[in-house]
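This report describes how one protein chain is folded and packed.

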Amino acid sequence: MANIISLGGLQVASRDELGQAMAGGCTASSCGTKAGPADMDPAIWAKVKDHPCYSEEAHHYFARMHVSVAPACNIQCNYCNRKYDCANESRPGVVSERLTPEQAARKVLAVAAEVPQLSVLGIAGPGDAAYDWKKTKATFDRVQSQLPDIKLCLSSNGLAMPDHVEEIVAMNIDHVTLTINTLDPEVGAKIYPWVFFRGKRHEGVEGAAILLARQMEALDMLVARGVLVKVNSVLIPGINDAGMVELNREVKARGAFLHNIMPLISDPAHGTHFGLTGQRGPTAAELRAVQDQCGDGANLMKHCRQCRADAVGMLGEDRGQEFTLDKLPETIAEDGEEKRAAYRDWVARERADRRAATEAAQAEAAALAAPPMRVAVCTKGGGRINQHFGHATEFQIYEVDASGVRFLTHRRADNYCVGGHGESDRLTEIVRTLDGVPVVLCARIGEGPRARMAEAGIEVIDACAMDYIETALLDLYADRNRSPDRGALSA
Ligand code: CLF
Ligand code: SF4
(Lines give C-alpha, C1' and ligand atoms only; values in the text may rest on other atoms or scores of the structure.)
(Ligands and ions follow the chains in the order given, each with its own letter.)
Protein backbone atom coordinates (compact mmCIF):
# COMPACT_ATOMS: atom_id res chain seq x y z
CA MET A 1 0.00 0.00 0.00
CA ALA A 2 1.24 3.47 -0.82
CA ASN A 3 2.74 5.46 1.99
CA ILE A 4 0.43 8.46 2.30
CA ILE A 5 2.02 11.59 3.72
CA SER A 6 -0.23 14.46 4.73
CA LEU A 7 1.23 17.95 4.61
CA GLY A 8 -1.44 20.34 5.78
CA GLY A 9 -4.06 19.48 3.20
CA LEU A 10 -1.59 18.20 0.64
CA GLN A 11 -1.59 14.39 0.41
CA VAL A 12 0.96 12.53 -1.65
CA ALA A 13 1.70 8.86 -2.00
CA SER A 14 5.44 8.45 -1.50
CA ARG A 15 8.66 10.22 -0.62
CA ASP A 16 9.35 11.02 -4.25
CA GLU A 17 5.84 12.24 -4.88
CA LEU A 18 6.12 14.39 -1.80
CA GLY A 19 9.22 16.01 -3.25
CA GLN A 20 7.60 16.53 -6.62
CA ALA A 21 4.41 17.93 -5.13
CA MET A 22 6.30 20.46 -3.03
CA ALA A 23 8.59 21.29 -5.92
CA GLY A 24 5.65 22.08 -8.18
CA GLY A 25 6.56 23.68 -11.46
CA CYS A 26 9.52 25.50 -10.06
CA THR A 27 12.55 26.07 -12.19
CA ALA A 28 14.69 27.76 -9.61
CA SER A 29 15.55 27.19 -6.00
CA SER A 30 17.44 28.71 -3.16
CA CYS A 31 18.27 29.10 0.43
CA GLY A 32 20.32 32.09 1.30
CA THR A 33 20.05 31.71 5.04
CA LYS A 34 23.25 32.64 6.81
CA ALA A 35 22.89 29.91 9.40
CA GLY A 36 23.48 26.87 7.25
CA PRO A 37 25.84 23.91 7.61
CA ALA A 38 28.67 25.88 6.00
CA ASP A 39 28.47 28.51 8.74
CA MET A 40 28.65 26.46 11.91
CA ASP A 41 30.20 23.54 13.71
CA PRO A 42 28.64 20.29 12.40
CA ALA A 43 27.67 19.23 15.93
CA ILE A 44 25.74 22.46 16.44
CA TRP A 45 24.18 22.27 12.99
CA ALA A 46 22.96 18.78 13.86
CA LYS A 47 21.20 20.24 16.90
CA VAL A 48 19.55 23.16 15.15
CA LYS A 49 18.86 22.01 11.61
CA ASP A 50 15.40 20.65 12.41
CA HIS A 51 14.46 23.15 15.12
CA PRO A 52 12.06 25.78 13.76
CA CYS A 53 13.01 28.39 16.37
CA TYR A 54 16.79 27.92 16.43
CA SER A 55 17.24 27.86 12.65
CA GLU A 56 15.55 30.41 10.45
CA GLU A 57 15.84 27.98 7.57
CA ALA A 58 14.26 25.14 9.56
CA HIS A 59 11.18 27.21 10.29
CA HIS A 60 10.19 26.82 6.65
CA TYR A 61 10.09 23.03 7.07
CA PHE A 62 9.54 21.95 10.66
CA ALA A 63 6.80 22.27 13.24
CA ARG A 64 6.79 22.53 17.02
CA MET A 65 4.15 21.78 19.56
CA HIS A 66 3.73 22.96 23.13
CA VAL A 67 2.03 21.20 25.99
CA SER A 68 0.94 23.06 29.08
CA VAL A 69 1.79 20.76 31.98
CA ALA A 70 3.67 22.91 34.50
CA PRO A 71 1.33 25.62 35.85
CA ALA A 72 3.20 26.61 39.02
CA CYS A 73 5.43 29.67 38.86
CA ASN A 74 7.98 31.09 41.27
CA ILE A 75 7.93 34.73 40.20
CA GLN A 76 5.42 37.35 39.18
CA CYS A 77 5.98 39.22 35.92
CA ASN A 78 4.04 42.43 35.45
CA TYR A 79 3.14 41.32 31.93
CA CYS A 80 1.57 38.06 33.10
CA ASN A 81 -1.79 37.01 34.37
CA ARG A 82 -1.53 33.29 34.91
CA LYS A 83 -5.15 32.79 34.01
CA TYR A 84 -3.77 33.24 30.50
CA ASP A 85 -0.80 31.86 28.62
CA CYS A 86 2.73 32.62 29.79
CA ALA A 87 3.84 35.81 28.12
CA ASN A 88 7.41 34.52 27.99
CA GLU A 89 6.66 32.28 25.05
CA SER A 90 3.06 32.77 24.14
CA ARG A 91 0.45 35.26 23.20
CA PRO A 92 -1.74 36.12 26.17
CA GLY A 93 -5.45 36.02 25.70
CA VAL A 94 -6.79 32.49 25.70
CA VAL A 95 -6.61 29.95 28.48
CA SER A 96 -4.69 26.84 27.45
CA GLU A 97 -5.75 23.29 28.08
CA ARG A 98 -3.87 22.18 31.21
CA LEU A 99 -2.68 18.61 30.85
CA THR A 100 -1.28 15.93 33.10
CA PRO A 101 1.99 14.38 31.88
CA GLU A 102 0.02 11.30 30.78
CA GLN A 103 -2.47 13.38 28.80
CA ALA A 104 0.33 15.46 27.32
CA ALA A 105 2.25 12.39 26.15
CA ARG A 106 -0.92 11.02 24.53
CA LYS A 107 -1.44 14.30 22.73
CA VAL A 108 2.16 14.41 21.48
CA LEU A 109 1.85 10.86 20.13
CA ALA A 110 -1.34 11.80 18.28
CA VAL A 111 0.17 14.96 16.78
CA ALA A 112 3.40 13.20 15.81
CA ALA A 113 1.36 10.58 13.95
CA GLU A 114 -0.55 13.24 12.00
CA VAL A 115 2.03 15.98 11.42
CA PRO A 116 5.21 14.67 9.75
CA GLN A 117 6.83 18.09 10.08
CA LEU A 118 6.79 17.81 13.87
CA SER A 119 10.36 17.92 15.22
CA VAL A 120 10.15 19.63 18.62
CA LEU A 121 8.11 19.36 21.79
CA GLY A 122 8.32 22.47 23.97
CA ILE A 123 7.08 23.29 27.46
CA ALA A 124 6.63 27.03 27.58
CA GLY A 125 4.14 28.06 30.23
CA PRO A 126 1.88 29.16 31.64
CA GLY A 127 3.97 28.57 34.74
CA ASP A 128 7.65 27.75 34.83
CA ALA A 129 8.93 24.48 33.37
CA ALA A 130 12.00 24.42 35.65
CA TYR A 131 10.10 25.30 38.84
CA ASP A 132 7.29 22.79 38.19
CA TRP A 133 10.05 20.35 37.28
CA LYS A 134 8.48 17.04 38.28
CA LYS A 135 5.68 17.50 35.76
CA THR A 136 8.04 18.75 33.08
CA LYS A 137 10.38 15.80 33.59
CA ALA A 138 7.56 13.24 33.73
CA THR A 139 6.21 14.56 30.42
CA PHE A 140 9.59 14.59 28.71
CA ASP A 141 10.46 11.10 30.00
CA ARG A 142 7.26 9.66 28.56
CA VAL A 143 7.67 11.34 25.20
CA GLN A 144 11.37 10.53 24.92
CA SER A 145 10.79 6.82 25.49
CA GLN A 146 8.12 6.66 22.77
CA LEU A 147 9.30 9.29 20.29
CA PRO A 148 13.08 9.45 20.44
CA ASP A 149 13.28 11.48 17.20
CA ILE A 150 11.37 14.43 18.70
CA LYS A 151 13.61 17.08 20.25
CA LEU A 152 12.76 18.40 23.69
CA CYS A 153 12.79 22.12 24.39
CA LEU A 154 11.89 24.14 27.45
CA SER A 155 11.47 27.72 28.45
CA SER A 156 12.02 29.19 31.91
CA ASN A 157 12.45 32.42 33.81
CA GLY A 158 15.73 30.89 35.05
CA LEU A 159 15.21 31.14 38.81
CA ALA A 160 14.99 27.38 39.38
CA MET A 161 17.03 26.39 36.35
CA PRO A 162 20.47 25.95 38.01
CA ASP A 163 18.96 23.19 40.18
CA HIS A 164 18.08 21.09 37.11
CA VAL A 165 20.88 21.65 34.66
CA GLU A 166 22.53 18.29 35.29
CA GLU A 167 19.25 16.44 34.72
CA ILE A 168 18.62 18.48 31.58
CA VAL A 169 21.98 17.44 30.21
CA ALA A 170 21.40 13.80 31.23
CA MET A 171 18.05 13.88 29.40
CA ASN A 172 19.74 15.10 26.19
CA ILE A 173 17.75 18.31 26.14
CA ASP A 174 19.70 20.50 23.70
CA HIS A 175 17.54 23.62 23.71
CA VAL A 176 16.66 25.85 26.64
CA THR A 177 15.13 29.31 26.53
CA LEU A 178 15.77 31.73 29.39
CA THR A 179 13.67 34.86 29.58
CA ILE A 180 16.02 37.62 30.70
CA ASN A 181 14.64 41.15 30.50
CA THR A 182 17.38 43.23 32.10
CA LEU A 183 20.78 43.16 33.78
CA ASP A 184 19.79 45.86 36.27
CA PRO A 185 17.91 44.92 39.49
CA GLU A 186 16.43 48.45 39.68
CA VAL A 187 14.86 47.88 36.28
CA GLY A 188 14.00 44.31 37.27
CA ALA A 189 11.98 45.61 40.21
CA LYS A 190 9.72 47.42 37.74
CA ILE A 191 9.08 44.15 35.91
CA TYR A 192 9.01 41.60 38.75
CA PRO A 193 7.16 42.68 41.93
CA TRP A 194 8.27 39.52 43.75
CA VAL A 195 10.15 36.27 43.42
CA PHE A 196 9.82 33.14 45.55
CA PHE A 197 13.20 31.56 46.28
CA ARG A 198 14.28 28.86 48.74
CA GLY A 199 10.97 29.02 50.59
CA LYS A 200 10.87 32.80 50.96
CA ARG A 201 9.22 35.63 49.08
CA HIS A 202 11.53 38.50 48.09
CA GLU A 203 10.15 41.79 46.82
CA GLY A 204 11.38 44.72 44.74
CA VAL A 205 15.08 45.22 44.02
CA GLU A 206 16.11 42.43 46.40
CA GLY A 207 13.93 39.89 44.61
CA ALA A 208 14.98 41.09 41.17
CA ALA A 209 18.67 40.87 42.13
CA ILE A 210 18.23 37.21 43.15
CA LEU A 211 16.41 36.42 39.91
CA LEU A 212 18.95 38.15 37.67
CA ALA A 213 21.90 36.45 39.39
CA ARG A 214 20.24 33.03 38.98
CA GLN A 215 19.51 33.74 35.33
CA MET A 216 23.20 34.42 34.64
CA GLU A 217 24.20 31.35 36.64
CA ALA A 218 21.78 29.23 34.60
CA LEU A 219 23.06 30.69 31.32
CA ASP A 220 26.69 29.97 32.25
CA MET A 221 25.94 26.44 33.44
CA LEU A 222 23.96 25.50 30.36
CA VAL A 223 26.48 26.97 27.93
CA ALA A 224 29.35 25.22 29.72
CA ARG A 225 27.58 21.90 29.18
CA GLY A 226 26.88 22.44 25.50
CA VAL A 227 23.15 23.16 25.77
CA LEU A 228 22.03 25.75 23.21
CA VAL A 229 20.49 28.67 25.05
CA LYS A 230 18.11 31.13 23.50
CA VAL A 231 17.53 34.27 25.54
CA ASN A 232 14.10 35.82 25.20
CA SER A 233 13.66 39.44 26.23
CA VAL A 234 10.33 41.24 26.37
CA LEU A 235 10.86 44.80 25.13
CA ILE A 236 8.98 47.21 27.41
CA PRO A 237 9.23 50.84 26.28
CA GLY A 238 10.41 53.21 28.98
CA ILE A 239 11.34 50.34 31.28
CA ASN A 240 14.01 48.07 29.81
CA ASP A 241 14.54 49.38 26.28
CA ALA A 242 17.55 51.55 27.18
CA GLY A 243 19.45 48.51 28.48
CA MET A 244 18.65 46.07 25.68
CA VAL A 245 21.84 46.57 23.67
CA GLU A 246 23.96 45.98 26.76
CA LEU A 247 21.91 42.90 27.61
CA ASN A 248 22.42 41.64 24.07
CA ARG A 249 26.20 42.09 24.37
CA GLU A 250 26.28 40.37 27.73
CA VAL A 251 24.32 37.28 26.70
CA LYS A 252 26.42 37.00 23.57
CA ALA A 253 29.61 37.21 25.64
CA ARG A 254 28.29 34.44 27.87
CA GLY A 255 27.61 32.18 24.91
CA ALA A 256 23.86 32.47 24.22
CA PHE A 257 23.11 30.95 20.83
CA LEU A 258 20.25 33.30 19.98
CA HIS A 259 18.66 36.43 21.39
CA ASN A 260 14.95 36.89 20.72
CA ILE A 261 13.76 40.43 21.50
CA MET A 262 9.97 40.23 21.60
CA PRO A 263 7.48 43.09 21.86
CA LEU A 264 5.44 43.41 25.05
CA ILE A 265 1.83 42.52 24.32
CA SER A 266 -0.27 44.61 26.65
CA ASP A 267 -4.01 45.05 26.84
CA PRO A 268 -6.25 45.93 29.79
CA ALA A 269 -8.42 42.94 28.87
CA HIS A 270 -5.54 40.59 29.75
CA GLY A 271 -5.75 41.69 33.37
CA THR A 272 -1.99 42.08 33.76
CA HIS A 273 -0.38 44.81 35.85
CA PHE A 274 1.08 46.42 32.73
CA GLY A 275 -2.20 46.07 30.87
CA LEU A 276 -4.21 47.62 33.68
CA THR A 277 -1.76 50.49 34.26
CA GLY A 278 -1.55 51.46 30.59
CA GLN A 279 2.01 50.30 29.92
CA ARG A 280 2.20 50.10 26.15
CA GLY A 281 4.14 47.69 23.98
CA PRO A 282 6.70 48.93 21.44
CA THR A 283 5.71 49.97 17.94
CA ALA A 284 7.12 47.91 15.08
CA ALA A 285 9.56 50.74 14.36
CA GLU A 286 10.74 50.84 17.99
CA LEU A 287 11.30 47.09 18.01
CA ARG A 288 13.18 47.27 14.72
CA ALA A 289 15.35 50.13 15.99
CA VAL A 290 16.42 48.14 19.04
CA GLN A 291 17.06 45.04 16.92
CA ASP A 292 19.13 47.13 14.50
CA GLN A 293 21.20 48.54 17.37
CA CYS A 294 21.89 44.95 18.44
CA GLY A 295 23.17 44.11 14.96
CA ASP A 296 26.61 43.09 16.17
CA GLY A 297 25.35 41.30 19.26
CA ALA A 298 24.16 37.71 19.75
CA ASN A 299 22.43 36.25 16.72
CA LEU A 300 18.98 37.76 16.72
CA MET A 301 15.91 35.66 16.17
CA LYS A 302 13.50 37.52 13.91
CA HIS A 303 11.01 34.82 12.99
CA CYS A 304 9.44 34.33 16.44
CA ARG A 305 5.64 34.20 16.39
CA GLN A 306 5.11 34.57 20.16
CA CYS A 307 3.28 31.27 20.18
CA ARG A 308 0.54 30.16 22.49
CA ALA A 309 1.49 27.72 25.22
CA ASP A 310 -0.55 25.02 23.46
CA ALA A 311 0.47 25.84 19.89
CA VAL A 312 0.76 23.02 17.35
CA GLY A 313 2.17 23.26 13.84
CA MET A 314 4.48 25.39 11.75
CA LEU A 315 5.44 28.69 13.39
CA GLY A 316 3.10 30.74 11.21
CA GLU A 317 0.10 28.52 11.90
CA ASP A 318 -1.62 27.11 14.95
CA ARG A 319 -3.39 23.77 14.66
CA GLY A 320 -3.90 23.48 18.41
CA GLN A 321 -7.68 23.35 18.10
CA GLU A 322 -7.43 20.21 15.94
CA PHE A 323 -5.71 18.35 18.77
CA THR A 324 -7.59 19.17 21.95
CA LEU A 325 -7.98 16.21 24.33
CA ASP A 326 -11.56 15.53 23.28
CA LYS A 327 -10.50 15.23 19.64
CA LEU A 328 -7.60 12.81 20.09
CA PRO A 329 -8.20 9.46 18.38
CA GLU A 330 -8.63 6.30 20.44
CA THR A 331 -5.97 4.55 18.41
CA ILE A 332 -2.80 6.26 17.30
CA ALA A 333 -1.61 5.42 13.78
CA GLU A 334 1.55 3.34 13.83
CA ASP A 335 3.33 4.73 10.79
CA GLY A 336 4.08 8.18 12.23
CA GLU A 337 7.79 7.52 12.63
CA GLU A 338 8.06 6.31 9.05
CA LYS A 339 6.25 9.40 7.78
CA ARG A 340 8.52 11.72 9.76
CA ALA A 341 11.62 9.93 8.47
CA ALA A 342 10.34 10.19 4.90
CA TYR A 343 9.65 13.87 5.39
CA ARG A 344 13.13 14.53 6.79
CA ASP A 345 14.73 12.71 3.86
CA TRP A 346 12.80 14.92 1.52
CA VAL A 347 13.78 18.07 3.41
CA ALA A 348 17.48 17.10 3.20
CA ARG A 349 17.24 16.77 -0.58
CA GLU A 350 15.23 19.94 -0.88
CA ARG A 351 17.74 21.90 1.18
CA ALA A 352 20.64 20.74 -0.97
CA ASP A 353 18.77 21.71 -4.13
CA ARG A 354 17.83 25.07 -2.67
CA ARG A 355 21.40 25.89 -1.70
CA ALA A 356 22.81 24.99 -5.09
CA ALA A 357 20.24 27.11 -6.88
CA THR A 358 20.78 30.05 -4.54
CA GLU A 359 24.50 29.97 -5.14
CA ALA A 360 23.91 30.22 -8.87
CA ALA A 361 21.44 33.10 -8.53
CA GLN A 362 23.67 34.82 -6.02
CA ALA A 363 26.63 34.72 -8.40
CA GLU A 364 24.70 36.78 -10.93
CA ALA A 365 23.30 39.27 -8.41
CA ALA A 366 26.71 39.79 -6.79
CA ALA A 367 27.98 41.66 -9.81
CA LEU A 368 25.24 44.34 -9.56
CA ALA A 369 25.56 47.56 -7.64
CA ALA A 370 22.13 48.86 -6.67
CA PRO A 371 20.32 49.84 -3.49
CA PRO A 372 18.67 47.05 -1.44
CA MET A 373 15.08 46.09 -2.31
CA ARG A 374 12.44 45.16 0.25
CA VAL A 375 10.02 42.47 -0.85
CA ALA A 376 7.07 40.79 0.88
CA VAL A 377 6.50 37.08 0.28
CA CYS A 378 3.37 34.92 0.62
CA THR A 379 4.35 31.42 1.70
CA LYS A 380 2.75 28.38 3.33
CA GLY A 381 6.17 26.92 4.14
CA GLY A 382 8.74 24.81 2.39
CA GLY A 383 10.74 27.95 1.59
CA ARG A 384 8.68 28.56 -1.52
CA ILE A 385 6.38 31.22 -2.92
CA ASN A 386 3.36 28.97 -2.70
CA GLN A 387 0.50 30.96 -1.21
CA HIS A 388 -2.36 32.82 -2.87
CA PHE A 389 -2.30 36.52 -2.01
CA GLY A 390 -5.88 36.24 -0.80
CA HIS A 391 -5.02 33.50 1.69
CA ALA A 392 -2.06 35.24 3.28
CA THR A 393 -2.47 35.84 7.00
CA GLU A 394 1.06 37.15 7.23
CA PHE A 395 3.74 38.42 4.91
CA GLN A 396 7.41 37.53 5.28
CA ILE A 397 9.55 40.58 4.63
CA TYR A 398 12.95 40.18 3.02
CA GLU A 399 15.69 42.52 1.87
CA VAL A 400 17.82 41.64 -1.14
CA ASP A 401 20.92 43.23 -2.61
CA ALA A 402 24.20 42.17 -4.19
CA SER A 403 25.35 40.60 -0.94
CA GLY A 404 22.35 38.25 -0.76
CA VAL A 405 18.92 37.80 0.79
CA ARG A 406 18.11 38.68 4.40
CA PHE A 407 14.93 37.79 6.28
CA LEU A 408 13.85 40.92 8.18
CA THR A 409 10.60 40.10 9.89
CA HIS A 410 7.05 38.89 9.38
CA ARG A 411 4.06 41.18 9.39
CA ARG A 412 0.62 39.92 10.21
CA ALA A 413 -2.42 40.66 8.07
CA ASP A 414 -5.98 39.60 8.63
CA ASN A 415 -7.16 36.71 6.56
CA TYR A 416 -8.35 38.23 3.38
CA CYS A 417 -10.69 36.43 1.02
CA VAL A 418 -10.84 37.43 -2.64
CA GLY A 419 -14.32 38.62 -3.51
CA GLY A 420 -15.55 38.22 0.06
CA HIS A 421 -17.23 40.64 2.41
CA GLY A 422 -15.06 43.53 3.43
CA GLU A 423 -12.51 43.03 0.65
CA SER A 424 -11.87 46.73 0.38
CA ASP A 425 -11.24 47.10 4.12
CA ARG A 426 -8.87 44.18 4.13
CA LEU A 427 -6.91 45.47 1.19
CA THR A 428 -6.62 48.81 2.95
CA GLU A 429 -5.24 47.00 5.97
CA ILE A 430 -2.79 45.00 3.86
CA VAL A 431 -1.57 48.20 2.22
CA ARG A 432 -0.98 49.62 5.71
CA THR A 433 0.75 46.40 6.81
CA LEU A 434 3.10 46.60 3.84
CA ASP A 435 4.18 50.16 4.50
CA GLY A 436 7.66 50.64 3.01
CA VAL A 437 7.53 47.39 1.00
CA PRO A 438 6.88 48.11 -2.70
CA VAL A 439 6.77 44.55 -4.09
CA VAL A 440 4.90 41.37 -3.10
CA LEU A 441 5.63 37.90 -4.47
CA CYS A 442 2.77 35.39 -4.28
CA ALA A 443 1.55 32.23 -5.99
CA ARG A 444 -1.52 33.92 -7.44
CA ILE A 445 -3.64 37.05 -7.21
CA GLY A 446 -6.89 38.18 -8.83
CA GLU A 447 -6.79 41.08 -11.26
CA GLY A 448 -9.01 43.28 -9.07
CA PRO A 449 -6.80 43.10 -5.98
CA ARG A 450 -3.68 43.42 -8.13
CA ALA A 451 -5.00 46.66 -9.63
CA ARG A 452 -6.01 47.98 -6.23
CA MET A 453 -2.56 47.22 -4.80
CA ALA A 454 -0.96 48.90 -7.80
CA GLU A 455 -3.02 52.03 -7.13
CA ALA A 456 -1.48 52.04 -3.65
CA GLY A 457 1.99 51.80 -5.19
CA ILE A 458 2.54 48.11 -4.39
CA GLU A 459 3.35 45.75 -7.23
CA VAL A 460 2.14 42.17 -6.75
CA ILE A 461 3.92 39.55 -8.85
CA ASP A 462 2.72 35.96 -9.30
CA ALA A 463 5.07 34.98 -12.12
CA CYS A 464 7.41 33.08 -9.80
CA ALA A 465 4.80 30.84 -8.18
CA MET A 466 6.38 27.79 -6.46
CA ASP A 467 9.94 29.12 -6.83
CA TYR A 468 12.21 29.09 -3.83
CA ILE A 469 11.97 32.40 -2.00
CA GLU A 470 15.64 33.36 -2.14
CA THR A 471 16.07 32.47 -5.79
CA ALA A 472 13.01 34.45 -6.80
CA LEU A 473 14.24 37.46 -4.84
CA LEU A 474 17.73 37.30 -6.35
CA ASP A 475 16.29 36.88 -9.85
CA LEU A 476 13.96 39.82 -9.28
CA TYR A 477 16.82 41.96 -8.00
CA ALA A 478 18.97 41.01 -10.98
CA ASP A 479 16.14 41.65 -13.46
CA ARG A 480 15.32 45.03 -12.00
CA ASN A 481 18.86 46.23 -11.96
CA ARG A 482 20.04 44.77 -15.21
CA SER A 483 17.18 45.60 -17.51
CA PRO A 484 15.78 49.07 -18.20
CA ASP A 485 12.34 47.59 -18.97
CA ARG A 486 12.10 46.15 -15.42
CA GLY A 487 12.67 42.53 -16.27
CA ALA A 488 10.86 39.32 -16.99
CA LEU A 489 9.40 38.71 -13.54
CA SER A 490 6.78 41.43 -13.91
CA ALA A 491 3.41 39.82 -14.47
FE1 CLF B 1 8.58 26.29 21.88
FE2 CLF B 1 10.22 28.17 22.52
FE3 CLF B 1 11.11 25.74 22.20
FE4 CLF B 1 10.34 27.15 20.11
S5 CLF B 1 8.58 28.48 20.71
S6 CLF B 1 9.71 26.38 23.76
S7 CLF B 1 12.07 27.62 21.45
S8 CLF B 1 9.76 25.04 20.57
FE9 CLF B 1 9.76 29.75 19.03
FE10 CLF B 1 7.30 30.25 19.67
FE11 CLF B 1 9.02 32.25 19.47
FE12 CLF B 1 9.17 30.54 21.44
S13 CLF B 1 8.34 30.92 17.81
S14 CLF B 1 7.49 31.92 21.08
S15 CLF B 1 10.85 31.27 20.17
FE1 SF4 C 1 3.90 34.41 34.07
FE2 SF4 C 1 5.79 33.05 32.86
FE3 SF4 C 1 6.40 35.29 34.30
FE4 SF4 C 1 5.65 33.04 35.55
S5 SF4 C 1 7.52 33.35 34.30
S6 SF4 C 1 4.88 35.10 35.96
S7 SF4 C 1 4.10 32.20 34.13
S8 SF4 C 1 5.22 35.20 32.38
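Buried means under 20% relative accessible area, exposed means over 50%, and partly exposed lies in between, with a 1.4 Å probe and protein chains only. By that rule, 56% of the 491 residues of the protein chain count as buried. This is a predicted model in which local features need pLDDT of at least 70 and side-chain atom pairs count only at pLDDT 80 or more, while totals for chains, interfaces and linings use all residues. Residues are numbered from 1 along each chain as its sequence is written, chains are lettered from A and ligands numbered from 1 in the order in which they are written, and side-chain values use heavy atoms, with hydrogens and water left out.

## Overall make-up

The protein chain has 14 helices and 17 strands. Helices (H or I, at least four residues) and strands (E, at least two) are DSSP runs, numbered from the N terminus. Contact means heavy atoms within 4.5 Å. Among the contacts in the protein chain with a separation of 6 or more, 72% are between residues 24 or more positions apart.

## Nonpolar cores

A nonpolar core is a set of buried Ala, Val, Leu, Ile, Met, Phe, Trp, Tyr and Cys residues joined through side-chain atoms within 4.5 Å. The largest one has 56 residues, and V67, L121, L154, M161, V176, L178 and L222 have the most contacts inside it. Helix α3 (residues 101-114) gives the most to this core, with six residues. A second, separate core has 22 residues, including V400, V439, A472 and Y477.

V176 is in contact with Y54, L154, M161, I168, L222, V227, L228, V229 and K230, leaving aside its neighbours within four places in sequence.

## Two helix pairs

Two packed helices are described by the angle between their axes and the distance between the axes. Axes here are lines fitted to C-alpha atoms, for helices over the stretch in contact, and angles run from 0 to 180 degrees between N-to-C directions.

Helix α11 (residues 336-365) and helix α14 (residues 469-482) have axes that come within 9 Å and cross at roughly 15 degrees. The crossing of α11 with α14 is left-handed. A crossing is left-handed if the near helix is turned anticlockwise from the far one by less than a right angle, and right-handed if clockwise. On the α11 side the contact is made by R354, A357, T358, A361, Q362, E364 and A365, and on the α14 side by E470, T471, L474, D475, Y477, A478 and R482. By class, this contact has six nonpolar, three polar and five charged residues. Ala, Val, Leu, Ile, Met, Phe, Trp, Tyr, Cys and Pro count as nonpolar, Asp, Glu, Lys and Arg as charged, and the others, Gly among them, as polar.

In the other pair, α3 packs with helix α4 (residues 133-146) at an angle of about 35 degrees, and their axes are 9 Å apart. Here α3 passes α4 in a right-handed crossing. From α3, P101, E102, A104, A105, V108 and L109 meet K135, A138, T139, R142, V143 and Q146 of α4. The contact of α3 with α4 has seven nonpolar, two polar and three charged residues.

## Residues joined across the sequence

V111 is found in helix α3 and counts as buried, at 0% relative accessibility. Leaving aside neighbours within four places in sequence, V111 is in contact with M65, L118, V312 and F323.

F323 sits in the loop between β12 and α11. F323 is also buried, with a relative accessible area of 6%. Not counting residues up to four places away in sequence, F323 touches K107, A110, V111, E114, V115, V312 and L328.

L300 is placed in the loop between α10 (284-293) and β12 (312-313). Apart from neighbours within four places in sequence, the contacts of L300 are N248, L258, H259, I261, Q291 and C294.

The table gives C-alpha separations for these residues.

| Pair | Apart along the chain | C-alpha separation |
|---|---|---|
| V111 and G313 | 202 residues | 9.0 Å |
| F323 and V108 | 215 residues | 9.2 Å |
| L300 and H259 | 41 residues | 4.9 Å |

## Positive phi values

R198 has a phi near 50 degrees, a positive value in a residue other than glycine. R198 lies in the loop between β8 (194-197) and β9 (200-203) and is exposed, with a relative accessible area of 59%. M466, in the loop between β17 (459-461) and α14, has a positive phi near 75 degrees.
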